[in-house]
Amino acid sequence: MSTSDNRRDYSLPPFKVEYRSENADEHLAGHLAQRFRLNRFDDDLVIVCIGTDRSTGDALGPLVGTKLIAQSPRFLQVYGTLEDPVHAMNLKEKLELIHTNHPTAALIAVDACLGQFSHVGNINVINGPLKPGAGVKKELPPVGSFHITGIVNVGGFMEYFVLQNTRLSIVMNMADIIASGLAKAVTLASTPSRFDSVLYD
């Protein structure tokens, strides 16, 4: 949707980590830092946390946004919190605001999703834009140069009911890992590295 979404090459291999694994946030941060270094911090990095606090499972994005803002990470602009969520009803409006305020920004989307039973608890970083609402048959604009999803419950049947009845503890713990991973990634990516000359060439 935004021209900035296609300006940079974020085509690193997809990444996956289970939120209960040891040092999950640090593993996530290491991967995200590689992607952030490609941005070189000459433009804004905007984190768009999608979801609503009216559904336990779908609250992952707003929880990440709220926790991330509390950490006040440098270089990151955060949209979507428990107080001011970005959801299906206002997504187009919020994206217009973001593109106005940050016309050259790289957007990274964060959202909850449903998946196979064996994948519940996985945090995924995936190339390309997020297509919010696809799992519940909604047509919404794509978001992001790449996106982060947390598999909060099992999909395939009665998705709205499943999201409403997702355990809050899982969502809260996943939000902690994602927010911590993003904040740590900024610190890692903004620190001069022996790899910088390779990444910036």
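These legends accompany close-up views of a predicted model.

**Figure 1. Overview of the protein chain, with six helices and six strands.** From the N terminus on, the elements follow the order β-α-β-α-β-α-β-β-β-α-α-α. The protein chain has 201 residues, and buried residues make up 51% of them. Five salt bridges are counted in the model. Aromatic pairs number zero.

**Figure 2. Strand S6 and its two partner strands, S4 and S5.** S6 covers residues 146-154. Eight of the nine residues in S6 are buried, so the strand is mostly covered; buried here means under 20% relative accessible area. S4, residues 106-115, runs parallel to S6 and is joined to it by eight bridges. S5, residues 122-127, runs antiparallel to S6, with five bridges between the two. One residue pair marks each side. Cys 113 has Ile 151 of S6 as its bridge partner. Asn 124 has Thr 149 of S6 as its bridge partner. In a regular strand, side chains alternate between the two faces of the sheet.

**Figure 3. Gly 115 in strand S4, beside Val 154.**

**Figure 4. Arg 35 over the ring of Phe 146.** Arg 35 lies over the face of Phe 146. The distance to the ring centre is 4.7 Å. This is a contact between a charge and a ring. Pairs between two aromatic rings number zero in the structure.

**Figure 5. A nonpolar surface patch formed by Phe 157, Met 158 and Phe 161.** Together the three residues have about 370 Å² of accessible area. Where does Phe 157 sit? Phe 157 is in the loop between strand S6 (146-154) and helix H4 (159-164). Is Phe 157 buried or exposed? Its relative accessible area is 61%, over the 50% cut-off, so Phe 157 counts as exposed. Strand S6, by contrast, is mostly covered.

**Figure 6. The salt bridge between Asp 25 and Lys 184.** The side chains meet at 2.7 Å, N to O. Asp 25 lies in helix H1 (residues 24-37) and Lys 184 in helix H5 (residues 168-190), so this pair ties together parts that are 159 residues apart in sequence. Asp 25 is buried, at 13% relative accessibility. Lys 184 is partly exposed, with a relative accessible area of 34%.

**Figure 7. The salt bridge between Lys 94 and Asp 84.** The closest N and O atoms are 3.1 Å apart. Lys 94 lies in helix H3 (residues 91-101), and Asp 84 lies in the loop between strand S3 (76-79) and H3, so the pair ties together parts that are 10 residues apart in sequence. Which side of the pair is buried, and which is partly exposed? Lys 94 counts as buried, at 12% relative accessibility. Asp 84 counts as partly exposed, at 41%. Elsewhere, salt bridges that share partners join Asp 25, Glu 26 and Lys 184 into one network.

**Figure 8. The salt bridge between Arg 20 and Glu 18.** The side chains of Arg 20 and Glu 18 meet at 2.6 Å, N to O. Arg 20 is exposed, with 58% relative accessibility. Glu 18 has 21% relative accessibility and counts as partly exposed. Side chains of opposite charge can pair when their charged atoms come close.

**Figure 9. Asn 23, a residue other than glycine with a positive phi.** Phi of Asn 23 is near 55°. Where is Asn 23 in the chain? Asn 23 lies in the loop between strand S1 (15-18) and helix H1. Asn 23 counts as partly exposed, at 38% relative accessibility.

Definitions and conventions
Residues are numbered from 1 along each chain as its sequence is written. This is a predicted model: local features need pLDDT of at least 70, side-chain atom pairs count only at pLDDT 80 or more; totals for chains, interfaces and linings use all residues. Side-chain values use heavy atoms; hydrogens and water are left out. Patches are made of residues with over 30% relative accessible area and no salt bridge: like charges are joined within 9 Å, nonpolar side chains (Val, Leu, Ile, Met, Phe, Trp, Tyr) within 5 Å. Accessible areas come from the Shrake-Rupley method with a 1.4 Å probe; for residues, only the protein chains shown count as cover. A salt bridge is a side-chain nitrogen of Lys or Arg within 4 Å of a carboxyl oxygen of Asp or Glu. Helices (H or I, at least four residues) and strands (E, at least two) are DSSP runs, numbered from the N terminus. Buried means under 20% relative accessible area, exposed over 50%, partly exposed in between (1.4 Å probe, protein chains only). Two strands pair if DSSP finds at least two bridges between them. Rings of Phe, Tyr and Trp (its six-membered ring) pair if their centres lie within 6.5 Å; planes under 30 degrees apart count as stacked, over 60 as edge-to-face and the rest as tilted. A charge sits over a ring if NZ of Lys or CZ of Arg is within 6 Å of the ring centre and within 35 degrees of the ring normal.
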